[in-house]
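Here is a friendly walk through one protein chain, with the model shown just below. Have it open as you read, and follow along element by element.

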Amino acid sequence: MPEELELLLVNLFEKNALMSAVLSSPFAKGGQKVTLRQLTIKERPVYQVTTMKERQAFHQNYSSEEALAYFQANIFDFKQTFLHATDTDYQVLINKKRHVTILKKASSKTTLPLAHNRTKHYILNEGTPIPFLIELGVMSPEGKVHAQKKDKFRQVNRFLEMVDDLLAQLSPQPSLHIVDFGCGKAYLTFALFYFLTSIKGYCVKMTGIDLKSDVIELCQKLARKLGCGNDLNFVLGDVNGFETKQSVDLVISLHACDTATDAALEKAVRWQSRAILCVPCCQHELFKQVRNEALAPLLTHGILKERFAALATDAARVQLLEALGYQAQIMEFIDLEHTPKNLLIRATRRKADNQAHAQQAWQAYLTFKEALQIDHSLERRFQKELGG
C-alpha cells in the first residue's frame, strides 16, 4: 500500500476522525459497494461496516483497529473510495494497475452521525451527586458515574422506570411497605428507597433480606450513615423463614436461585401484596422434568433444553399468578449485553375478584403442564387454593 494512503487511513482511524465512507465500483464482477459509518456505543467509537449480498444488508461493528485492518485488506478491491472526515473529504481512486490517486476537499459533513448515542433521560441523572450512589461506588462525589459502573447505573434506572409505571396502581396510598428478598449489596434497594422518598415523596417502610451476614451488616451501616436506618432495615434470613404482620404493598425478588423465586412469590401472594417484581435466576427444576415427544429435536440438545426449561418455568409462574388473582406479564429488564438474566415478572393484584378469569388461567396452565409433563414448585405451594 502506498505510504500516503497508509498514513491517511492510520491517521483517520487513530484520531476517530472518519465519519463515514463508501467503497464503490468493485473490480470483481458482481461485487457490491461497502459503506461505513461511525457510531458511539457505550461511550466508545464503533465503526459499522455494511455489505450487501443478494439485496440483503449485513452489518458488522468494528473497533478502530479492526476497521483500519478491514480497509487495509479491502480498499484495493474497489476503484474508488469516499472518506468523509471531520474536516476533509477524501476521494481515493485506484486504477487497474493499482495506482492510487487521492483527491481532497473541504468536509461536506460537520457533525458525527452518532445514531446509537442519543441522549437518554434517566430518573437518576448523572451530574447530580446522589448520596447512596456515591457510597456504593457508582458515582463520584461530583456526580460523575464511574466508567466501570455505567451498566449498573443503567440497570438502576431501568428498574426505577418499572417501579414508576407501577405507582399508579399502588396509589393513592401515601405510605408503602416493601419487602426485598435477596437484596444482596442492595444497589436497587437503596435506589428504590431514595426514589420513593426523595423524589416521589412517599412514606416508606422497607426491609431487605439476605442470607449473607457480612452483606446485611454493611447495608445496615450504610442505611444509618444515610440517615434512613429507621425506615430502611436489613435482616439476616431466608425467604421461607421471614414473616411480617404488616400488610405488604410491594414484594421484590431479584435473582433468587431456582425455587427460591417460587418461595418469594408464595410469600407475596399469601400476603396479598399489591404488586410483585421478580427477576428469576438459575432455574433447574423443570430441566429434569420437561418431556414432550414432539419437541424431541429441541429437548435432545442440552443447551436448548436448558433455555427452553427456563422459559417454561417463567411461563408457568405467570400463568399460576393469573390463576391466583394477579395480572402478570414478562418484561425485558435490561439488555442481554449487560446480563443473561434479563426477564422480569411484573404482577399486580386485581382490584376485583374475577373467578372466571382465574379458572380460565388455571385450565390453561393444566394444559401446559400436561403437554410438558411438569410439576411446578409454585403449583405445589398452592395445591389447596388451586384445587390441585
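In what follows, a residue is called buried when its relative accessible area is under 20%, exposed when it is over 50%, and partly exposed in between (1.4 Å probe, protein chains only). Helices (H or I, at least four residues) and strands (E, at least two) are DSSP runs, numbered from the N terminus. This is a predicted model, in which local features need pLDDT of at least 70 and side-chain atom pairs count only at pLDDT 80 or more, while totals for chains, interfaces and linings use all residues. Residues are numbered from 1 along each chain as its sequence is written, and side-chain values use heavy atoms, with hydrogens and water left out.

Let us begin with helix α9. Residues 302-323 make up this helix of 22 residues. From first C-alpha to last, α9 reaches 31 Å, close to the 32 Å expected at 1.5 Å a residue (the expected span is 1.5 Å times one less than the number of residues). Buried residues of α9 include Lys-305, Asp-314, Arg-317 and Glu-322, along with Ala-309, Val-318 and Leu-321. After α9 comes Gly-325, with a positive phi near 100°.

Next, a look at strand β11. Six of the eight residues in β11 (250-257) are buried, so the strand is mostly covered. Its pairings are set out here; two strands pair if DSSP finds at least two bridges between them.

| Strand joined to β11 | Bridges and direction |
|---|---|
| β8 (residues 175-181) | four bridges, parallel |
| β12 (residues 275-281) | six bridges, parallel |

Ile-178 stands opposite Leu-250 of β11, and Ile-252 has Leu-277 in β12 as its bridge partner. From β11 the chain passes through helix α7 (residues 260-270) to β12 in a right-handed β-α-β crossover; that is, with the strands pointing away from the viewer, the path from the first strand over the helix to the second runs clockwise.

Strand β8 also holds His-177. Is this residue buried or exposed? His-177 counts as buried because its relative accessibility is 7%. A polar atom of the His-177 side chain lies 2.8 Å from the backbone oxygen of Ser-247. Beyond its neighbours within four places in sequence, His-177 is in contact (heavy atoms within 4.5 Å) with residues including Lys-205, Thr-244, Ser-247 and Leu-250.

Finally, two backbone angles deserve a glance. Ser-25, in strand β1 (residues 18-26), is a non-glycine residue with a positive phi, near 55°. Arg-98, in the loop between β6 (88-94) and β7 (100-106), is a non-glycine residue with a positive phi near 65°. Ser-25 is partly exposed at 33% relative accessibility, and Arg-98 is partly exposed at 39%.

Conventions. A polar contact is a pair of N or O atoms within 3.5 Å; within protein, one must be able to donate a hydrogen and the other to accept it, and residues adjacent in sequence count only if both atoms are side-chain atoms.
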